Amino acid sequence: MNVKSIVAAALLAAFVTPAFASDEFYVVQDVKTKKCTIVDQKPADTTTTVVSPSGTIYKTRSEAETGMKSVKICTSD
């Protein structure tokens, strides 16, 4: 009986842990369109660049949205 509980807890932890891992948000700008967006993973390709002040990593999406408003190149057209 205890083995089943341990296996169930391990499976639950395996599925829940990735959901909590997404606590990093970045403000990025598309190189071609110059449009700023918020992403939950640091860009690995060259189609976008991180434009957060000093490479700031935000903990929540709402912090990133507020930060995007303060980035000068994201607010100018």
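**Figure 1. The hairpin of S1 and S2 holds five residues between its strands.** In this hairpin, Lys34 takes a positive phi near 65°. Strands here are DSSP runs of E with at least two residues, numbered from the N terminus. S1 and S2 pair in the antiparallel sense over four bridges; two strands count as paired if DSSP finds at least two bridges between them. This is a predicted model, where local features need pLDDT of at least 70 and side-chain atom pairs count only at pLDDT 80 or more, while totals for chains, interfaces and linings use all residues. Residues are numbered from 1 along each chain as its sequence is written, and side-chain values use heavy atoms, with hydrogens and water left out.

**Figure 2. Three strands form an open sheet in the order S2-S1-S3, with antiparallel pairing.** Strand S2 (36-39) and strand S3 (48-50) stand at the edges with a single partner strand each, so one side of each has no neighbour in the sheet. From one strand to the next, the twist averages 40°; axes are lines fitted to C-alpha atoms, and angles run from 0 to 180 degrees between N-to-C directions. Strand S1 (residues 26-30) is joined to S3 by three bridges, and Asp30 stands opposite Thr48 in S3.

Figure 3. Is Gln29 buried or exposed? Gln29 is buried, with a relative accessible area of 12% (buried means under 20%, exposed over 50%, partly exposed in between, using a 1.4 Å probe and protein chains only). Across the strand pair, Gln29 stands opposite Cys36 in S2. The side chain of Gln29 also reaches the backbone oxygen of Lys34 at 3.1 Å. Not counting residues up to four places away in sequence, Gln29 touches residues including Thr47, Val51 and Ile73 (contact means heavy atoms within 4.5 Å).

**Figure 4. Side chains alternate along S2.**

**Figure 5. Eight residues make up the largest nonpolar core.** They are Phe25, Val27, Cys36, Ile38, Val51, Tyr58, Ala64 and Val71. Such a core is a set of buried Ala, Val, Leu, Ile, Met, Phe, Trp, Tyr and Cys residues joined through side-chain atoms within 4.5 Å. Leaving aside neighbours within four places in sequence, Tyr58 is in contact with residues including Phe25, Val27 and Ala64.

Conventions
Polar contact = N/O pair within 3.5 Å; in protein donor to acceptor, adjacent residues only side chain to side chain.
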